[in-house]
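Hi there,

Here is the structure I promised to pass on.

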Amino acid sequence: MNKLMIELHDVSKIYQVGGQEVRALDQASLTVREGEFVSIVGPSGSGKTTMMNIIGCLDVADSGQYILDGLPIDRYSDRELAAIRNRKIGFVFQGFNLLSRLTAEANVELPLIYQRLAMGDRKKLVNEALQRVDLYDRRKHKPQELSGGQQQRVAIARALVTRPSLLLADEPTGNLDSKTGAEIIELFHELHQSGNTILLITHNPDIAKTASRMVHIFDGKVYEEARA
Amino acid sequence: MIFQSIRMAFDSITANKIRSFLTMLGIIIGVIALVVLVSLVSSASDSVTEQVSTLGTDLLTTMVFDDKGHPLKLADLDQLKSNPAIGQAAPLVQTLVTARHGYTEEPATLYGTLPSYGEIHHWQMRQGRFLKTSDIDNSSYVVVLSLEAADKFFGQSDPLNETMMLNGRPFTVVGVLEEDTSLMSVMTTSVKIYTPFTVLTRMSGVRGGISNFIVTPSNPRSMDEAEEALTSFLMRRLKEDDSAFFIFNQSNLMSVVGMVTDMLSYLLGGIAAISLLVGGIGIMNIMLVSVTERTKEIGIRKAVGAARGSILFQFLIEALVISLMGCAIGIVLSFGLLRVATLIAGGLIAFRLSLGIVLIAMGFAVIIGVLFGIYPAYKAAGKHPIEALRYEG
């Protein structure tokens with residue numbers, strides 16, 4: 001058995017919306033091992049984005065325990081969480097979230113800048129990541145000069161460049177046509193093959209099914225589907 | 001990290017060139033106002049000070065209004081000179097005379113003095129010599145002309161050893177002074193003729209001894225001691241009446257000039273500093289807009305691992321870079337403007353960039369960048385990553 005990457009124990013998150021309590025996550029528990037490719041499916045409003053934010057250390061749970069790669073996340077300061085996001089997690093968003101002013105390589109370089117790596121080291125890692133997503137020859141282009149699929153591949157390169165423990169993808173194909181979306185999913189499968197741990201959030205059951213494990217989320221609760 | 005932040009700052013400044021330039025314009029105008037105004041005042045002040053110092057700062061000009069029935073004589077000045085604090089003492093008695101040479105007849109100012117008067121003023125001779133001690137002792141009827149006087153009476157011909165008539169008496173010309181370009185000479189009549197003190201006192205119309213003389217200290221650094229010695233000498237001589245005489249100290253004039261120009265510098269500098277402050281408010285305004293516009297960017301940066309401090313630093317550096325770039329452009333333009341002002345002044349005053357005020361302007365730019373950048377930067381740093389990521393501008 002590989003080591004545990006994600007451990008969520010009875011995690012709850014409550015929002016106040018217009019004076020009413022909304023239980024976005026209700027005692028949700030989930031464990032993911034290193035090297036797994038897990039998809040999380042659920043309708044909108046089910047709490048999957050909240051779960052993704054907590055797993056991604058962008059938000060902290062109100063109750064329950066979250067351990068990422070052995071680190072008890074609820075015990076860290078804002079500054080330490082930033083460092084954990086930087087080193088442990090690679091985000092891939094639905095809307096790509098690239099900085100439009102920067103070239104592809106500068107976008108990929110961004111997480112490394114916050115690691116304060118030397119220029120030469122950054123350059124090497126950026127080139128590797130861009131080659132991994134097959135966009136090395138387009139590294140000088142700005143996001144608006146790239147197609148949607150290419151932009152998402154730049155975003156994946158940015159997520160990969162720090163060699164994170166976990167790739168966290170939130171609807172990565174949501175803004176792409178089905179053919180391009182399939183290429184992106186194929187890329188995730190390749191990354192999984194080469195040892196990355198991937199958590200894919202989607203509302204598309206066809207995409208979710210391609211993962212090695214599928215988790216349903218509904219009304220803030222987690223339902224696991226046992227598969228062979 | 002600093003280098004990276006500066007690069008990021010330049011990226012975002014160049015991404016919005018016109019807006020960045022307009023923001024900088026406030027700082028540019030403020031810096032120009034500060035640097036140019038203060039440099040103008042300090043250059044003008046230097047020029048005035050220089051003019052005043054050509055009159056001799058180590059000089060005590062003394063006027064006696066009431067000699068208490070005992071006119072001051074040369075012997076009195078000799079007695080004064082015996083004081084170790086006093087260097088030279090030279091009388092200057094003047095009278096208006098009618099001077100004639102050939103067919104030229106003009107009124108002129110005739111000064112009676114001693115050789116030391118010329119030494120004190122470091123006068124240079126164009127021709128001949130200045131008065132000599134033997135001229136005084138023998139009461140020789142000799143005169144030294146100012147260059148203007150020589151021009152007026154002799155034109156192109158050589159005045160040396162010529163005879164000219166002053167109030168009907170013949171005098172021999174023994175020397176011509178170099179042109180006097182000092183500020184004081186421009187303000188007074190230029191037809192000046194110098195003759196031995198003893199000759200002038202003998203001429204009709206000049207009675208009552210020395211009422212006007214100049215004194216130098218034995219050491220230029222001991223002006224105060226010299227002034228004290230002179231005062232106590234005159235007090236003793238003039239029956240302890242301190243209103244019977246007046247001592248004018250050139251260095252006092254200098255310090256008054258200095259005070260006035262300093263005050264002017266502070267006043268104009270203060271007004272210019274207000275315009276810099278307004279420029280700073282412009283920076284804050286644009287930085288606040290920029291922080292809102294770039295909410296998504298802040299969210300992305302936070303998601304990939306930027307801590308609050310990194311975001312704060314980035315926006316602060318951006319405000320600082322705008323402020324300092326504005327400052328640099330302002331200083332360069334100020335330099336150009338001062339060169340133009342020097343050209344317009346026609347060489348009368350050389351307007352120089354005052355290094356002190358350049359440093360002050362740079363210090364101001366840093367303070368303004370930080371002061372007006374810190375709040376927007378703090379706002380940027382405080383944004384929650386999830387909400388920032390969700391922001392759609």
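Below is what turned up, chain by chain.

Please keep in mind that this is a predicted model.

Let me start with chain A. Its open sheet has four strands in the order 2-1-4-5, with antiparallel pairing. At the edges sit strand 2 (20-33) and strand 5 (71-72) of chain A, each of which pairs on one side only. Strand 1 (residues 4-17) and strand 4 (residues 63-68) of chain A run antiparallel and are joined by five bridges.

Two helices of chain B deserve a look as a pair. The axes of helix 12 and helix 13 (residues 355-381) come within 7 Å and cross at roughly 150 degrees. An angle over 145 degrees counts as roughly antiparallel, so that is how helix 12 of chain B lies relative to helix 13 of chain B. The crossing is right-handed, and the contact between these helices has 23 nonpolar, four polar and one charged residues.

Finally, how many residues of chain B are in contact with chain A? There are 19, and they meet 19 residues of chain A. Helix 1 (2-15), helix 11 (295-303), helix 12 (308-344) and helix 14 (385-390) of chain B each supply at least two residues to that side. By class, the chain B side has ten nonpolar, five polar and four charged residues.

Happy exploring!

Conventions: Residues numbered from 1 in each chain as written. Chains lettered and ligands numbered in written order. Predicted model: local features only at pLDDT ≥ 70, side-chain atom pairs only at ≥ 80, totals over all residues. Contact = placed C-beta atoms within 7 Å. Nonpolar A, V, L, I, M, F, W, Y, C, P; charged D, E, K, R; others polar. Pairing = 2+ DSSP bridges. Axes fitted to C-alpha atoms, helices over the stretch in contact; angles between N-to-C directions. Parallel < 35°, antiparallel > 145°, perpendicular 65-115°, else oblique. Left-handed = near helix turned anticlockwise from the far one by under 90°.
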